[in-house]
Amino acid sequence: MAKDKKQPRPKPVTPKGFRDYFGAEVTARTEMLTKIAGVYHRYGFDALETSAVETVEALGKFLPDVDRPNEGVFAWEEDKDWLALRYDMTAPLARVAAQYRNDLPSPYRRYTMGPVWRNEKPGPGRFRQFYQCDADTVGAASVAADAEICAMLADTLEAVGIDKDDYVIRVNNRKVLNGVMEVAGLSGDDKEAERGIVLRAIDKLDRLGLEGVRALLGEGRKDESGDFTKGAGLGGEQADIIMGFMDAKRDEGAATVSRLRQLVQGSNIGGDGVAELEDIAGLLDAQSYGSNRIVIDPSVVRGLGYYTGPVYEAELTFEIEDEKGRPRNFGSVAGGGRYDDLVKRFTGQAVPATGVSIGVDRLLAALHAKGRTDTTAQGPVIITVMDRDRMADYQSMVAELRNAGIRSEVYLGNPKNFGNQLKYADKRHSPIAIIAGGDEFDQGVVQIKDLILGAEIAKNATLEEWKDRPSQYEVPRDEMLAKVREILDKS
């Protein structure tokens with residue numbers, strides 16, 4: 001009789017484009033989200049949590065950085081309907097605003113935080129799952145809502161630890177770009193594909209440079225891996241107009257506005273966009289957000305096709321070293337804009353909306369690059385186990401610490417080898433170890449070891465060696481909590 005074929009063991013590997021996050025990383029992200037939520041809440045925004053799954057129909061055609069609908073998402077068919085993991089937080093908001101429009105206040109101001117998924121080619125620092133933190137106002141047509149989002153974004157960056165000199169928020173208006181495209185002969189439904197390619201090309205200026213963008217405005221561009229990206233196929237004169245728009249930024253905001261007004265001359269929508277930029281600049285000046293923090297910059301367009309008016313992007317301006325040791329600017333960590341037509345897809349009625357999305361993982365990476373995050377967060381107080389029969393006493397100790405709000409745990413591994421307990425405390429980055437064996441229980445005392453001040457734990461230390469080390473205290477059992485607090489307060 002033939003033996004059953006042995007099933008191969010699954011490989012313990014993370015899927016390509018995904019990663020795992022451990023204690024200190026998760027803690028740092030949670031702390032950052034709390035700070036961001038605090039700013040959003042202070043500005044009057046309410047929390048919202050939507051499903052991670054949406055219908056592809058609800059997501060619509062506005063998918064990230066692709067030319068064909070339904071690409072770029074993780075989707076599957078169920079009961080003849082196509083479902084997909086959300087690729088951003090804006091499309092779900094549009095669905096919510098339409099679904100609950102009779103119950104929600106207008107304007108509706110919400111913020112949301114959570115993971116999003118994009119089925120795109122992964123690369124260095126580019127993952128298929130990442131966290132976003134969004135804030136949006138639905139139902140406000142005034143550009144005062146856009147100016148408020150920019151001001152709130154500045155406050156948020158500073159709240160999480162980015163200095164005023166280390167970031168800039170760049171503001172543009174898609175109406176201005178639409179006016180430039182009109183002047184360049186790219187208006188009309190029959191030019192939609194070309195406009196989409198132009199938008200995405202300009203949005204990649206910081207990564208590809210002027211030469212790379214120019215290639216995408218023409219026949220196309222081949223990247224370092226050999227992959228070819230089809231271009232917009234513009235003629236030389238048309239490309240010159242677009243490139244002139246990208247070169248319109250001047251040192252002073254008023255001079256930039258003046259140059260943009262020249263570029264869109266003859267286009268009504270372009271003129272409207274320039275006027276809106278002037279209004280936003282005035283509103284921000286009234287709140288003392290000077291041009292050193294928030295500037296008008298025509299190169300900002302945002303790649304997604306649903307933006308209809310002002311767009312903005314937060315860029316960190318300090319340098320870091322890439323994987324080859326070369327200096328480069330950190331780049332964008334947040335972006336957004338006005339999308340007045342997105343809710344209309346559901347209701348048939350125009351609903352103005354504007355909002356911003358912060359890439360939390362990139363922002364965390366930026367703080368880490370600046371040395372402002374702790375990748376080895378403090379672990380719990382460890383109560384070692386010297387006598388298995390005294391487990392109830394150890395649990396009484398840990399309960400006392402926990403009830404006082406102190407993070408702590410009893411060692412639950414095999415207590416036979418005391419050195420392993422010390423290794424465990426070392427790996428957990430524990431600030432304190434508490435030791436109590438038969439002698440200590442008989443005398444009514446405990447040994448408290450200050451691991452922060454003490455030397456590195458020896459891999460094979462004996463109990464006697466452990467007790468002889470400095471920064472170890474013998475205290476009465478009823479003074480254990482007070483001594484632990486004293487040590488923690490000094491750390």
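Is E276 buried or exposed? E276 turns out to be buried, with a relative accessible area of 15%, where buried means under 20% relative accessible area, exposed means over 50%, and partly exposed is in between (1.4 Å probe, protein chains only). The model is a predicted one, so local features need pLDDT of at least 70 and side-chain atom pairs count only at pLDDT 80 or more, while totals for chains, interfaces and linings use all residues. Residues are numbered from 1 along each chain as its sequence is written, and side-chain values use heavy atoms, with hydrogens and water left out.

Now for the charged pairs. Side chains of opposite charge can pair when their charged atoms come close. The structure has 19 salt bridges, a salt bridge being a side-chain nitrogen of Lys or Arg within 4 Å of a carboxyl oxygen of Asp or Glu. One of them joins the side chains of R29 and D361, at 3.6 Å from N to O. R29 sits in helix 1 (residues 23-42) and D361 in helix 12 (residues 360-369), so this pair ties together parts that are 332 residues apart in sequence. Helices (H or I, at least four residues) and strands (E, at least two) are DSSP runs, numbered from the N terminus. Both R29 and D361 are buried.

E276 has a partner too: its side chain meets that of K175 in a salt bridge of 2.7 Å, N to O. Because K175 belongs to helix 5 (residues 174-183) and E276 to helix 10 (residues 268-286), the pair links parts 101 residues apart in sequence. Another salt bridge brings R214 and D240 together, with the closest N and O atoms 2.9 Å apart. Here R214 lies in helix 7 (residues 205-217) and D240 in helix 8 (residues 236-246), so the parts tied together are 26 residues apart in sequence. R214 counts as partly exposed at 34% relative accessibility, and D240 is partly exposed as well, with a relative accessible area of 44%. Salt bridges that share partners also join D146, R338 and D340 into one network.

Helix 7 shows up again in a helix pair. Helix 6 (residues 192-203) packs with helix 7 at an angle of about 145 degrees, their axes 7 Å apart; axes are lines fitted to C-alpha atoms, for helices over the stretch in contact, and angles run from 0 to 180 degrees between N-to-C directions. From helix 6, I197, V198, A201, I202 and D203 meet L205, D206, V213, L216 and L217 of helix 7, contact meaning heavy atoms within 4.5 Å. By class, this contact has 8 nonpolar, no polar and 2 charged residues.

Next comes strand 7 (residues 167-173), where 7 of the 7 residues are buried, so the strand is largely enclosed by the rest of the structure. In a regular strand the side chains alternate between the two faces of the sheet. Both faces of strand 7 are covered, with Y167, I169, V171 and N173 buried on one side and V168, R170 and N172 buried on the other. Strand 7 runs parallel to strand 10, joined by 3 bridges, and R170 stands opposite V295 in strand 10.

Y306 is buried at 4% relative accessible area, and Y307 is buried at 9%. Among the residues that the unreviewed UniProt entry lists under "binding site" are R302, Y306 and Y307, though such annotations may be inferred rather than shown by experiment. Leaving aside neighbours within four places in sequence, Y307 is in contact with R174, R302, G336, G337, R338 and Y339.

Note on methods: Nonpolar A, V, L, I, M, F, W, Y, C, P; charged D, E, K, R; others polar. Pairing = 2+ DSSP bridges.
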